[in-house]
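Here is a short report on the strands, helices and cores of one model. Keep the structure open while reading.

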Amino acid sequence: MEKPERQPAFNFGRVFFPGEPTPTPEEIRFQPLGNHVGNVMKLVKYWQDEDFPDSSSFDRVLEAAKIHDQGKPQKFEIKVETKPKGEFKKYIYSFRGHRFLADSKDLWAKTLAIGHHDFSVREICKDAYTLKKEPEYAQILAQNPLAYAQELYILEMCDQIEAELACRVLEDEKQAESRTFMDYTISADPNNPNTFFIDPWIFEQESIELTFKYWSMFPSAKEKEILQKCVDDKKADQLGKQLDTIVKNWWKEKQEKPKENSIIATIKPLPWIEEAQSWNCRTTYQQLAGLTPNPMQEEIFHEITSNKNPAILLKAPTGSGKLEAILFPVLAQNYRLFLPLPTRSLLDDHRQRIQEYLKQLSTYFPNREIALVIDTGSQMYRYVYQNGHDITDTLKINLRRHLYKGDVILTTIDKFMYRYFGFGDKQKSFIFPLRIHRESKNNKTLICFDEPHTYDDISFTNFQSLVQSLYEAGRSLILMTATLPKEHYQRFNYLDLVDYLDDQERQQKLNQFYEKTLNRKSDLNRKSFKWLNEIQRDAENLEPFQQQFSDLILNEWQKQGKRRILTVVETVKDAVEIYKTLKNKIGNHQEEQFIFLYHGRLSEYPKTSEFSRTNIYKKLKQRDQDQQPYIIITTSAIEVGCDLNAEVLISEICPPENLIQRAGRCNRKGNIPDAKVIVIGTQISNLTNTLDEYAWDNYQKVLKNLTDFDAHKIAECISRSQHIDDYRVVELFSMLHNYVYEQDLTCQNVYDQGLLITRSWTPSATLIYENGEKEPPKITVPIDRLIINKENEYANTDVFERYYDQEKTYWRERSLTYGSAYRKDIIIKISRSHEGAERYENKPEYEYNPEFGFVELPGVFIKLKSKGFDEKLLCKHHDKNQQGKAIINYKKSLLTEIKY
């Protein structure tokens with residue numbers, strides 16, 4: 001019996017297609033597998049020692065680098081990627097499944113090799129749990145549960161750095177640009193060919209030389225004809241198989257080893273690092289903003305730059321520069337800053353403020369890419385600045401799959417928790433927890449939580465669990481507040497308090513600074529105050545309230561000349577009606593918009609729309625900076641942290657902590673001698689009220705006696721009832737933490753269900769208005785706001801869910817199905833009616849105006865009676881192509897449970 005012919009080993013580490021993608025390539029380059037592996041091992045050897053979590057880590061990672069690609073020869077394959085209509089896009093290559101063929105006597109090293117390329121929460125937790133069973137590894141993981149993940153990260157980064165360099169050296173730039181998992185930026189030295197800068201620098205040596213070898217194959221004219229025929233016959237999907245056969249035949253039939261070409265590349269750090277470390281507080285403020293730091297900013301700069309892991313609770317007045325106090329020392333020290341904010345509306349303001357500082361920073365460090373990441377959950381964007389310019393649009397990388405690769409990460413508290421536990425794309429998902437916790441010589445991290453007073457109930461329970469978890473892990477963190485209730489301070493008594501609100505000595509220093517440096521009096525933020533409690537809201541008839549509110553704004557606009565007026569009401573409907581009334585009476589000039597509507601139901605999409613939330617705020621902010629008059633009608637969406645300097649604030653009555661925040665947007669710079677705050681109304685909405693009956697009586701007495709706005713007296717009225725943690729929220733946080741950070745597989749089911757309660761037990765859905773745009777308007781709303789009543793049923797409204805198609809490896813949509821709402825990505829689509837496709841069913845068409853946003857919310861669910869712990873909603877599908885109905889369930893709040 002003849003032995004089967006032995007297949008030749010396709011000893012390729014990587015494949016490159018120089019030049020522009022074409023179905024008939026002139027040349028294909030193959031990097032020898034041994035060359036690639038040798039380069040990766042060299043990078044591991046030079047990786048900075050302090051990054052290795054254990055004394056034995058280096059040997060394990062080096063062994064893993066040696067074996068990580070040993071399965072490639074058996075799995076090599078060339079494929080083709082086509083465009084949506086089937087045309088050729090580019091050739092790609094695959095070694096799919098090769099990592100599972102890695103083998104070593106060292107189980108940990110073998111596990112690292114098999115684990116590379118995945119880096120998911122599920123795989124890392126499973127692998128670390130398995131390693132714990134071995135006595136020699138159990139102690140390592142007991143001392144540092146993230147040791148395996150940290151070692152895998154080093155292996156991944158060495159592999160990715162080598163791969164990107166190979167692509168650049170061997171002239172396949174498009175393949176280099178697609179490598180978005182990298183935590184490092186590689187840029188060419190314009191003065192030295194094949195010399196590259198890596199930022200930040202993570203190696204022990206000052207520079208490293210790597211040799212890149214390759215074999216070249218030049219397809220013959222006949223082989224090109226075969227490939228071209230696939231194109232001519234409109235069978236582009238067969239190009240991959242044809243080229244794969246051509247390449248493998250070339251390798252099999254070669255009479256001798258192909259000629260080996262080689263190129264030496266040098267990598268080194270950017271030359272600006274030493275200069276960055278020399279910046280002190282005053283030079284940093286001067287160079288980034290042309291400012292002199294105030295005493296609070298100087299103290300915080302010292303705390304951040306002189307302490308290894310600062311943990312601070314900062315209390316300071318609104319408008320005192322808390323954001324700059326955190327941002328500037330972080331930028332000066334080249335830290336990564338996470339800034340989780342309480343609301344999405346704050347992202348607009350902070351993005352515009354921070355990007356100007358990052359642009360300025362980039363002018364001092366030529367050629368360095370400085371990145372700002374925005375992560376809202378539904379969208380992730382990465383803005384890049386270099387040499388004083390925004391170069392985002394010139395980059396060709398996938399900006400959304402950045403995986404927290406940035407100098408500053410702006411996000412919401414909800415999404416930060418989501419990333420803290422590694423939720424998101426299945427592959428690479430553990431990079432979020434790792435980067436949040438990453439600490440090394442050149443990769444320090446600081447996490448700053450702004451305006452924690454906004455958190456209550458479930459969100460506060462989660463917030464305190466998150467802060468304590470980060471503190472216990474030794475992370476650098478800061479809480480900033482102007483109005484945190486005193487009942488909550490004791491929850492964070494382990495943080496170092498820096499108090500510029502109640503500490504008289506610090507207050508005096510701040511006032512003296514303003515008097516001396518800015519030549520202003522200590523009452524620089526003075527504002528007259530008036531409470532108009534004769535204006536009342538009638539739930540049955542809102543028109544009188546809306547009309548009186550409009551008349552008051554109009555009176556202030558006309559009485560003393562046009563001014564910068566900030567108006568805050570409690571509901572979107574009120575805001576829209578007041579906006580309409582003012583536009584009719586005053587009108588926006590076509591060439592100059594000065595009346596603005598801003599609320600949480602304005603869509604962020606499409607980005608180019610003049611009425612997108614970002615563009616509205618951008619226009620408003622520009623007028624504010626130019627000291628041009630405006631009227632902004634808004635809801636509480638704009639009260640926290642936004643950097644406005646209005647002359648007049650007109651606010652519907654609200655809790656004292658909210659009023660202080662709103663007043664902080666009025667005379668913020670202390671340069672308006674006749675600024676005023678006007679409060680109207682007699683009753684705080686039940687949805688926002690934080691005061692009991694006694695506290696409400698006291699608050700009214702204080703308001704009645706004020707003639708000037710006094711933030712200290714109003715702050716004394718802040719009161720929160722004793723916070724009771726929902727035990728289920730505490731337990732869920734603990735279980736998720738034990739799974740992700742302790743590899744406790746008994747908690748995996750909770751993770752797999754995606755059961756992360758951030759602010760409410762009620763999950764949210766995405767509401768989309770299908771208007772034919774590539775990026776249609778959409779917002780996120782809690783599903784209990786979408787329950788059907790007599791007035792909110794609309795035609796052409798359908799309910800879907802996104803799901804991951806494992807077979808085709810991408811996300812798809814289907815009609816909503818039965819099951820837990822927490823495990824679903826629910827989408828409600830409202831379609832425009834068009835001729836031949838109307839579906840009214842005796843229901844009105846939804847009226848959407850991008851200028852007003854989603855004023856009404858459509859009803860799509862029927863609330864079913866339920867007992868025990870679950871709420872149940874029924875969805876009846878209207879489309880005949882969909883299934884008839886579905887019932888989804890979610891947990892009741894603790895208060896609802898108690899009623900039962």
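## Terms and model

Two strands pair if DSSP finds at least two bridges between them. Strands (E, at least two residues) and helices (H or I, at least four) are DSSP runs, numbered from the N terminus. The model is predicted: local features need pLDDT of at least 70, side-chain atom pairs count only at pLDDT 80 or more, and totals for chains, interfaces and linings use all residues. Residues are numbered from 1 along each chain as its sequence is written, and side-chain values use heavy atoms, with hydrogens and water left out.

## The nine-strand sheet

Nine strands make an open sheet with mixed pairing, in the order β13-β12-β11-β14-β10-β15-β16-β9-β17. β13 (389-390) and β17 (496-499) each have a single partner strand, so one side of each lacks a neighbour in the sheet. Within the sheet, β10 (residues 336-341) and β14 (residues 408-412) run parallel and share 5 bridges. There, Phe338 faces Ile409 in β14 as its opposite residue.

Two helices lie across these strands. Contact here means heavy atoms within 4.5 Å. Angles run from 0 to 180 degrees between N-to-C directions, with axes fitted to C-alpha atoms, for helices over the stretch in contact. Helix α16 (residues 413-420) lies across β10, β11, β12, β14 and β15, at about 110° to β14.

## The six-strand sheet

A second open sheet has 6 strands in the order β18-β23-β22-β19-β21-β20, with parallel pairing. β18 (528-532) and β20 are its edge strands, each pairing on one side only. On average, neighbouring strands are turned by 15° against each other, direction ignored. Strand β19 (residues 564-568) runs parallel to β21, with 5 bridges between them. Thr567 stands opposite Ile633 of β21. Helix α24 (residues 656-663) packs on this sheet and touches β19, β22 and β23; its direction makes about 155° with that of β22.

## Helix α22

Buried means under 20% relative accessible area, exposed over 50%, and partly exposed in between (1.4 Å probe, protein chains only). The buried residues of α22 are Val572, Asp574, Ala575, Val576, Ile578, Tyr579, Thr581 and Leu582. They pack against α21 (543-559), β20 (595-598) and β21 (630-634). Gly587 follows α22, and its phi is positive, near 80°.

## Cores and cysteines

A nonpolar core is a set of buried Ala, Val, Leu, Ile, Met, Phe, Trp, Tyr and Cys residues joined through side-chain atoms within 4.5 Å. The largest has 126 residues; Trp47, Ile161, Phe203, Phe421, Phe449 and Phe861 touch the most other members. Helix α7 (residues 147-169) gives the most to this core, 14 residues. Another core lies apart from it, with 88 residues, including Leu337, Ile370, Val408 and Phe513.

A disulfide is a pair of cysteine sulfur atoms within 2.5 Å. By this rule there are 0 disulfides. Cys125 is buried at a relative accessible area of 0%, and Cys875 is buried at 1%.
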